[in-house]
Amino acid sequence: MTMEVALEDNNLMEKVLPPDEQEIDVELEAKEKKYLRGEGANLETLKDKKLKTQLASREKLYGKSAKAAAKIEKWLLPASAGYLETDGLEKTWRVKQTDIAKEVDILSSRNQYDIVLPDFGPYKLDFTASGRHMLAGGRKGHLALVDMMSMNLIKEIQVRETVRDVAFLHNDQFFAAAQKKYSYIYARDGTELHCLKERGPVARLRFLKNHFLLASVNKIGQLHYQDVTYGDMVASIRTGKGRTDVMEVNPYNGVVALGHSGGTVTMWKPTSQAPLVQMQCHPGPVSSVAFHPNGHLMATSGKERKLKIWDLRKFEEVQTIHGFHAKTLSFSQKGLLAAGTGSFVQVLGDSSGDYSRYMSHSMVKGYQIEKVMFRPYEDVLGIGHSMGWSSVLIPGSGEPNFDSWVANPFETTKQRREKEVHLLLDKLPPETIMLDPSKIGAMRPSRRKERPTRGEIEAEKEVAVEAAKGVELKKKTKGRNKPSKRTKKKKELVENVKKTFPEQEQGAAGKKRRIGEDAAADLPSSLKRFARKN
Amino acid sequence: MRIKTISRSVDEFTRERSQDLQRVFHNFDPSLRPMEKAVEYQRALTAAKLEKIFARPFVGAMDGHRDGISCMAKNPNYLKGIFSASMDGDIRLWDIATRRTVCQFPGHQGAVRGLTVSTDGNVLVSCGTDCNVRLWSVPRPSLEDSDLSSEKSTEVVHCLFFLITLYSLVLLFILITSFFLSQPSAVYTCKNALLAVDHQFEGDLFATAGAQLDIWNHNRSQPVQSFTSGSHSVISVRFNPGEPDILATSSGDNHISIYDIRMSSAARKILMRTKTNSIAWNPMEPMNFTAANEDGNCYSFDGRKNEEAKCVHKDHVSAVMDIDFSPTGREFVTGSYDRSVRIFPYNGGHSREIYHTKRMQRVFCVKYSSDATYVISGSDDTNLRLWKAKASEQLGVILPREQKKHEYNEAVKNRYKHLPEIKRIVRHRHLPKPIYKAKAESRAMNDAKRRKDERRKAHSAPGTVVTESHRTRRIIKEVE
């Protein structure tokens, strides 16, 4: 009882505020909304009083925790986001990396560099979730694992085969490389751990962190999902759309999106053989796809030199940007979009609602950009190109405050080991991959087992009869091919198919109906038991 | 042009010395945690399974009595001890930690029907079918309690001096093997057999139940006050923890009566369909009491308003013999004739937990320990059994991080406990076959009854057939 009184006191005090503090209040409310994660439950429809009071007290607790989280975000976070602000006539996209280097502190300027490795072909990059380690894979077989904080080369190996893609597994201890014929999994010190033969020659490799699934699309257009904890191939799906090497994972819900040469983008989950969604995005082939971390936005670029932003909740186009065809796209943690074509990278920002030019960076003419990827928790963009890899500063792209329990760039060995165990304990089964992950934990309205309606049964019957009619009978020889016998046989086939259906119908409806059964349907409910039955 | 980029210096984010704790940073932004609901559900599932793996509620049995145990009493001042009495007149004081008898109180000729301890923990009152009320002095526990050696002799001297100052009678102590035998400090005789006894929470009055309800004082050999309530005997009596002068009794003619000893007759009376075997007041809400009934249900009443029960707790299949509340007031434990012990929430209709063993026969008395951690059951097979109140609880000293993890597991399990997979795991209990079958039978009977009632209602004029709520169904009327 005393607790409730104290709460009321708090509420009273919050109502009496000076005007400038009221502004802060509004700000805090906006932040609070984010932490509330949606609307509260509607308790009016409940009839059970006990449940109602229990849920009401819980909703109150949610409100309090959201308020506390909003306050912490406002006052207690150690770092603040980066920014690039120009005054007057200066435009942000004209700011060059050399200008930035002059204004920024030493630690950050160390993040701007070019590593020239001309012999080993275009490089593909991958970062670990905390942004501390980077894996670079050159087409001619060069694999390098780098610690980004100390700029240390941890391990480099030369596999002497073409490497088409590289991906980290759950932490920097393991990585996978898609090589000429098969894919391989390596440990941190370069030893080859596994050879994944089932997949064939893989074009793209991606790792789904929460599910421990290694997804890949191979040269024939097959999609494979493998659970790396015990090696089981969870799904191998024949997409039926031909060869593609555009594949991305949506971090919000774990679905894999493939971009096809017909301009369609299809989304897949491991438990179904048919795609979840098929979107016609471009008139020509799709050259790359990228997902915003909040899961609502998708950027696609097609060979017809258009970049389109899609809203995934309504599957509608939000924006089209003309001008260039991006070979590679990447979203940052704060929502900036980097598009790389040729030797030119353009970064688009959505500060004014729509995506517009924010920054750009052009490299030496001969460099062909292969992959751009934002580094997590840093204002850095990694660019893998034909002459090695580079790193440029993009202020305002990274999340400044990390959570030690989610991803810790300053992890010690012990913390890493503990985290691995916890990740494994929280491993999600592949069935949890769905377009709307908030459905998990929600209750479905209970229905008794629905029998198929009459119309449905009829439709099925028709399809089966058509199929039976379409069957071609073998043409027999030596006098056994009489036309009367042929028609008889065909009739028999159709009759057999029809027989299976009426059986079902009778089972559903019950016994044969007698005359007067229709009259029984008009009786009131309490007298129905006295109606004449079989 | 203003530019700022994220730059983290290693010193700020790592520890200074190796003796320091590692630094932890928090950012509660939901966008950093994709699929958090699925992860939470997975954790709830793991927590439910772990709870079942660690569920080992049985701690031990206290063996020693030679006949079935009829009643138990808790010492409010001493956590480790419990008194128990059996059907052959044997009263013992047990040390729960070592599960051994500390002291025996022989003297009763027949079955001991009631045991209670005064609030200061010094006097033990027992009554039995030999029409006697005996008062005993409880031996004071010394610091080296578990060491049952000859140091008892020094304890004897201390006790002697202490007790002489309190009582006028001289006490003799005999040391036999490893425990005490004591003699009663007073024996009072009645005309009829006595069935229950309870001590006032504040004061030195105690009440006995038998042919009538008697109020006694420690020093008087005759009852100070008597209440007669018709021809039937009074079966159980319980003083209210909040109001020292109010007590609740149940009688053999299916009544529950609430008496104020300052008045001459019952303050409230409820007539039910079946007799109530035992009553317990809620220590945290002293106006509410719960009655353990012969029909297998427990009824929680508000002492001020008796027309309907506040809650009906249904899960036992046979008569509920005894009931005791947890000191938190949030749960109570019941022991039943169907050989099981159940723990109910104070406001919930069904039990949270059931304890049973092949060796435990009819449970006649249960007690919830004063630290809300253990449940003690005394049964017909001459054993007292010690159970954990929370079956999967980790006993002993728990580190704060472990405690937080347990709390997190509880919270996440509660959030998803309505989902089918988790509900199945959390709800699952193995029932002994007789109880399982009896429950299935009663379910079938209740379904049939309900169906018939519905049909009767559907076939009669609306409003003529009224369904009685469960809360009033078993109450016939309220008298006074």
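Predicted model: local features only at pLDDT ≥ 70, side-chain atom pairs only at ≥ 80, totals over all residues.
Strand β5 of chain A covers residues 142-147, and six bridges join it to β6(A), with the two strands running antiparallel.

Four strands of chain A make up an open sheet, in the order β3-β4-β5-β6, and their pairing is antiparallel. Why is one side of β3 and of β6 left without a neighbour in the sheet? The reason is that β3 (123-127) and β6 (152-158) of chain A stand at the edges, so each has a single partner strand. If you look along the sheet, you can follow its twist, which averages 15° from one strand to the next.

Further along chain A there is a hairpin to find. Strand β13 (residues 222-227) and strand β14 (residues 233-238) of chain A pair in the antiparallel sense, over five bridges. To get your bearings, find A:Tyr225, which stands opposite A:Ala235 in β14(A). Between the strands of this hairpin lie five residues, and A:Gly231 takes a positive phi near 85°.

Now let us turn to the place where the two chains meet. Chain A brings 65 residues to the contact and chain B brings 44 residues. The size of an interface is often given as the accessible area lost when the parts come together. Here chain A and chain B bury about 5,100 Å² between them, and 56% of that is on carbon and sulfur atoms.

Strand pairing also crosses from one chain to the other. β1(A) pairs with strand β1 of chain B (residues 2-4) in the antiparallel sense, over three bridges. In this pairing, A:Glu85 stands opposite B:Arg2 in β1(B).

What about charges? There are seven salt bridges between chain A and chain B. A:Glu378 forms a salt bridge with B:Arg8, and their closest N and O atoms are 3.5 Å apart.

Several elements of chain A each supply at least two residues of the side that touches chain B, including α2 (19-36), β1 (83-85) and α6 (413-425). The largest share, five residues, comes from α3(A). By type, the residues on this side of chain A divide into 31 nonpolar, 17 polar and 17 charged.

How values were computed:
Residues numbered from 1 in each chain as written. Chains lettered and ligands numbered in written order. Heavy atoms only, no water. Pairing = 2+ DSSP bridges. Axes fitted to C-alpha atoms, helices over the stretch in contact; angles between N-to-C directions. Contact = heavy atoms within 4.5 Å. Buried area = accessible area lost by both parts, 1.4 Å probe. Salt bridge = Lys/Arg side-chain N within 4 Å of Asp/Glu carboxyl O. Nonpolar A, V, L, I, M, F, W, Y, C, P; charged D, E, K, R; others polar.
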